[in-house]
Amino acid sequence: MKLLALDTATEACSVALNLDGEIIENFQMLPRRHSRELLSMVEQILGDAGLTLSQIDALAFGRGPGAFTGLRVATAMVQGLAFAVDKPVIGISTLAALAQEGLRRFGATSVLSSIDARMNEVYWGAFREQDGLMQPVQDEVVIAPEKVMVPEGDDQWLGMGTGWAFREKTAASVLDCHTDSYPRAGDIAILAADHYGNGHAVSAEQAMPVYLRDKVALKKSER
């Protein structure tokens, strides 16, 4: 299996290949430069691996939640690439990708993922490990930190993501948190391989971002 993944949901920009379980990744902090740099990053990682786009079995992307413009960039890019070579697409939650990083880097089997959503809110999700993959245990939401919900149980939670900059306000207790963690294409590629193997890929035109917030098109004064 050869899978190409990309993510531009936050200030970070990353692309990765999953080659039969081996992850190759290019991760950079590129605020406001995603649209200019993403295609060249894709071309470089494929070239370095000696692959063409047509040799890829499927493409994956961080479907959100995240920044509105960033999600549009990733969705448009993955749709264009997938159309060009007639390949299926897998959308992966950026919160799930953060949770997978928590498992991969820190061995955490219970992760509370949180991304700064601006306007004094966070994108929020809770995940537990099953067979080496982080799975959601409740619906993802955009919510004030003071109102976040934590699943019942005696889990020792790890916090992942920029939303944990609001730790003092957050109505959840964690052993530790990593506010400098961003969704990464490498973790998206890990999760996407499982989705692809289970037949959850879709056609390019069905690849859609997930915003969670329904006010992305409103002016600041209207919000």
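A charge sits over a ring if NZ of Lys or CZ of Arg is within 6 Å of the ring centre and within 35 degrees of the ring normal. The views below come from a predicted model, in which local features need pLDDT of at least 70, side-chain atom pairs count only at pLDDT 80 or more, and totals for chains, interfaces and linings use all residues. Residues are numbered from 1 along each chain as its sequence is written, and side-chain values use heavy atoms, with hydrogens and water left out.

**View A. Arginine 184 over phenylalanine 27.** Here arginine 184 lies over the face of the phenylalanine 27 ring, 3.9 Å from its centre.

**View B. Phenylalanine 68 with tyrosine 211.** The structure holds two aromatic pairs (rings of Phe, Tyr and Trp, its six-membered ring, with centres within 6.5 Å; planes under 30 degrees apart are stacked, over 60 edge-to-face, the rest tilted). In this one the centres are 5.2 Å apart and the planes meet at 40°, so the pair is tilted. Phenylalanine 68 lies in helix H2 (residues 68-85) and tyrosine 211 in the segment after helix H4 (185-197), so the pair ties together parts 143 residues apart in sequence. Helices (H or I, at least four residues) and strands (E, at least two) are DSSP runs, numbered from the N terminus.

**View C. Tryptophan 124 with tryptophan 164.** Look for another tilted pair, 5.6 Å centre to centre with 50° between the planes. Tryptophan 124 is buried at 1% relative accessibility, and tryptophan 164 is buried at 2% (buried is under 20% relative accessible area, exposed over 50%, partly exposed in between; 1.4 Å probe, protein chains only).
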